[in-house]
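Morning, everyone. Please look at the sequence and the model on the screen, and I'll walk you through them.

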Amino acid sequence: MTTTAQQDVSTLSFEQAVEELERIVSALERGDVALDKSIEIYERGEALKKHCEMLLKAAEDRIEKIRLDRAGKPQGVEPLDAE
């Protein structure tokens with residue numbers, strides 16, 4: 001089941017999601033949040049974490065490494081993790 005709070009996570013940029021996740025972690029670490037609210041923001045934090053992981057994976061998939069020839073001139077591109 002997806003709550004309204006979790007639904008809008010997909011509209012956040014990576015930076016916005018990380019910033020909100022940091023606020024959630026800080027609030028939970030302080031321990032000054034009621035139990036029911038702690039559970040709610042923990043679930044939101046999980047949704048933010050998954051969203052950030054998805055965005056990082058998408059960015060990683062787009063990164064390419066430039067291949068150089070023996071003279072050091074660009075020859076083409078290949079996936080970053082290709083050996």
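**Inside helix α3**

Start with the buried residues of α3: S38, I41, R44, G45, A47, L48, H51 and C52. Buried means under 20% relative accessible area, with a 1.4 Å probe and protein chains only. Helices here are DSSP runs of H or I with at least four residues, strands are E runs of at least two, and both are numbered from the N terminus. An α-helix has 3.6 residues a turn, so residues three or four places apart point the same way.

A word on the source. This is a predicted model, where local features need pLDDT of at least 70, side-chain atom pairs count only at pLDDT 80 or more, and totals for chains, interfaces and linings use all residues. Residues are numbered from 1 along each chain as its sequence is written, and side-chain values use heavy atoms, leaving out hydrogens and water.

How confident is the predictor? pLDDT is its confidence in each residue, from 0 to 100. The chain averages 85, and 86% of the residues score at least 70.

Now the overall layout. The chain has three helices and two strands, in the order α-α-α-β-β. Buried residues make up 18% of its 83 residues.

Next, the core. The largest nonpolar core has nine residues: V9, L12, A17, I24, A27, I41, A47, L48 and C52. α3 gives the most, with four residues. Such a core is a set of buried Ala, Val, Leu, Ile, Met, Phe, Trp, Tyr and Cys residues joined through side-chain atoms within 4.5 Å.

Key:
pLDDT = per-residue confidence, 0-100. Buried < 20%, exposed > 50% of the residue type's maximum accessible area, 1.4 Å probe, protein only.
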